[in-house]
Amino acid sequence: MHRSVEETALLGSGSSAAGDPEVIGAETIAAISTPAGEGAIALVRISGPNAISIGGKIFRGKEAPAKFASRLQHLGEVVSESGNLIDQVMMSIHRAPASYTGEDLVEISCHGGTLVTAKILEACLRAGARAARPGEFTERAFLNGKMDLTQAEAVIDLIRARTDLALRSATEQLEGKLGEKIANIRGDLLDLLAHLEAAIDFSEEGIAPDEGDTLRARLDSVRAQIAALLATADHGRILRDGVRVVIYGPTNAGKSSLLNRLLGYERVIVSDTHGTTRDTIEETVNLRGVPVRLLDTAGLRASTSDIEREGIARTEHSLQKADLRLHIVDRTTAPPEQFAQTVDGNEILVLNKSDLAEHPEWKNNNALRISCVTGDGLADLENEILSRISKQNLRPENALAINTRHRDCLRRALEACDRARKSFDETFSPEYLSVDLNEALGAVGEVIGTAGVEQILDSVFGQFCIGK
Ligand SMILES: Nc1nc2c(ncn2[C@@H]2O[C@H](COP(=O)(O)OP(=O)(O)OP(=O)(O)O)[C@@H](O)[C@H]2O)c(=O)[nH]1
Ligand SMILES: [Mg+2]
């Protein structure tokens, strides 16, 4: 659980067959599983073949841990090597394979002090455990087949989730929804391959034309499924990082005031001096469940100051990466020179300072009017932001979303499908096709960390009767 997603992904993407006893479980690992610092309780975990005996060496209670019924808490004491009391604890045993890691697992709930937990961990290490690497418990869960790679990644997303939607997405991924989708795609690819191989093995003249049409349709359907999953990549970025909303406009328009208003506290300095904000300031807000990354920027004006010009360059850079732009202007002054009246779907024009008299030139403009001083119109602005987000399809309708690693695998799979489609049309040769489809299969399998494609193919072929 402490290892980064990328590292976990790397571990699983090779052909390290799940459940290889040589690799996993040889060593017993221990770690403090709760965050550092003071708390009512903390959790120390031990996992591996010697977990229970190590637990036995450090525990004093009515019963020895080896005799504990699985999953029941037992009160006792943890003692050091020399027999000194370290803490009063609750210990539970989770026997393999019915544990988080799939190995024998010991959980020690102790008092949540930095020194107490460190001493308990030290006692575990002295009794024969090795300090766990980041993410090693979840890694073992994956290697032992307790979860697929997407689920292991979901554990991390779950911990990091900052909004309801992100949490829901992580929970669904943890439940295996993404894994299921991937498994379906793999199943379809395997079917296709099986038919092709049958054509290679049992047919003299290659694929019959009518059979070819069916296979082509199947290939197109697999391709469409992969493309649909790939399209959720933006949702994934938004769920994890938030929709990028950039507040920009002339100096003194009230950009920083708006950021503070939407955040609910005085994050940025506000003043009537033009050019107050010199740098880009970013904060995340939870807008009714949607994570929004708000960026306040340096006001746009012709400036002679190097620092301010650098700030304005940063504003322009942020605008290029924006999902949505809030163009804020001060309605008490005339529209700025070169004012762009036509705004696209990614931009909302906002006239600020509605508590003050409006400059007559704004009269026929139906842009949103708000006041950062009174809060007038802010609810409407929030509604507008949310509606633009859903119009641009930035808000994930279903919470299923892929991450960067999944996207890389799926892109490769899609390319391989496209190559297969090409050879289908051009050469009609099952051999060429199967090379590309195998590549697609491998790439899709990497998403969930499946290895041993050969074995699965064998089992599918086993279901075919000769002649088909
Ligand atoms: N009356 C009134 N004053 C406002 C409103 N919003 C902002 N102000 C004032 O306008 C001035 C500029 O506000 P800022 O939020 O600093 O403006 P800004 O766009 O960030 O300005 P720069 O950082 O210089 O680009 C401050 O004096 C604010 O108090 C509003 O809705 N009504
Ligand atoms: Mg400002």
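Predicted model: local features only at pLDDT ≥ 70, side-chain atom pairs only at ≥ 80, totals over all residues.
The buried residues in α3 are Thr-117, Ile-120, Leu-121, Ala-123 and Cys-124. They lie on the same side of α3, because the arc they cover around the axis is only 155°. In an α-helix there are 3.6 residues a turn, so residues three or four places apart point the same way. Helix α3 itself consists of 13 residues, 114-126. From its first C-alpha to its last, α3 reaches 18 Å, close to the 18 Å expected at 1.5 Å a residue. After α3 comes Gly-128, which has a positive phi, near 120°.

An open sheet is formed by 6 strands with mixed pairing, in the order β9-β10-β8-β11-β12-β13. At its edges stand β9 (281-287) and β13 (368-369); each has a single partner strand, so one side of each is left without a neighbour in the sheet. Strands of a sheet pair through backbone hydrogen bonds, either parallel or antiparallel. Strand β11 (residues 324-330) pairs with strand β12 (residues 347-352) in the parallel sense, over 6 bridges. Opposite Leu-349 in β12 stands His-327.

Ligand 1 is surrounded by 22 residues, of which the closest are Gly-254, Ser-256, Ser-257, Thr-277 and Gly-299. Helix α10 (residues 255-263) supplies the largest share of this shell, 3 residues. By type, the shell around ligand 1 comprises 13 polar, 5 nonpolar and 4 charged residues.

Methods: Residues numbered from 1 in each chain as written. Chains lettered and ligands numbered in written order. Near = placed C-beta within 6 Å. Helix = DSSP H or I, 4+ residues; strand = E, 2+ residues; numbered from the N terminus. Nonpolar A, V, L, I, M, F, W, Y, C, P; charged D, E, K, R; others polar. Pairing = 2+ DSSP bridges. Expected span 1.5 Å × (residues − 1). Buried ≥ 20, exposed ≤ 12 C-beta atoms within 10 Å, placed from the backbone. Arc of directions from axis to C-beta.
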